[in-house]
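Subject: Structure handover

Hello,

Here is the structure I promised to pass on. My notes follow it.

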Amino acid sequence: MSRIGKKPVELPGGVEASVSGQTIEVKGPKGTRSFKATDDVTLAVEDNAISVTPRGKSKRARQQWGMSRTMVQNLVTGVTDGFKKELEIQGVGYRAQMQGNVLKLSLGYSHDVDFTVPEGVTVVCPKNTEVVIEGTDQQLVGQVAANIREWRAPEPYKGKGIRYKGEYIFRKEGKKK
């Protein structure tokens, strides 16, 4: 039995959900999101909660049960609170700034890096060494953060680069004389 799958997903005030076939659509204050579940699970909306149940006792049905429930929970969280990733830039001369829909990054290359922000995600730079990524889709927010971090991942000797806020970088000692 899936401990995650057994719990119903509660719908907070101002959030509506509708199921048509294997597709669930959730509407909330931050927008509308939908998810298409596999044929191994059944989705149902009853008394202000969404329940996910497996069809049969196969291994695949049990795998999809917990995953589908988590995906539905992420839809509800996305349309109510949204998701957020924060990045810190460390290094002399490393900085970021927004210009319209483009994030300009100075990362020690001979040129500035222009990162075009995709639809569905908002990127804000409160300081020139901080980048905040927000959106309703958890996967898209995480992927955008990973793509930005990829331009200059933190290195272990001086710790320079783009890191997630609160991320610990394992430091190495340099050469011995």
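Beyond its neighbours within four places in sequence, L105 is in contact (heavy atoms within 4.5 Å) with I89, R95, A96, D112, V113, I148 and W151. Note that this is a predicted model: local features need pLDDT of at least 70, side-chain atom pairs count only at pLDDT 80 or more, and totals for chains, interfaces and linings use all residues. Residues are numbered from 1 along each chain as its sequence is written, and side-chain values use heavy atoms, with hydrogens and water left out.

L105 belongs to the largest nonpolar core, which has 21 residues. Such a core is a set of buried Ala, Val, Leu, Ile, Met, Phe, Trp, Tyr and Cys residues joined through side-chain atoms within 4.5 Å; buried means under 20% relative accessible area, with a 1.4 Å probe and protein chains only. I89 and I148 are also among those with the most contacts inside this core. Helix α3 (138-150) and strand β9 (102-106) are among the elements that each supply at least two of its residues. Helices (H or I, at least four residues) and strands (E, at least two) are DSSP runs, numbered from the N terminus. α3 gives the most, with 4 residues.

A second, separate core has 17 residues, including A17, V41, I50 and V79.

There is also an open sheet of 3 strands, in the order β2-β3-β4, with antiparallel pairing. Two strands pair if DSSP finds at least two bridges between them. The edge strands are β2 (16-20) and β4 (31-36). β2 and β3 (23-28) share 5 bridges. S18 has E25 in β3 as its bridge partner.

Best wishes

Key
Buried means under 20% relative accessible area, exposed over 50%, partly exposed in between (1.4 Å probe, protein chains only).
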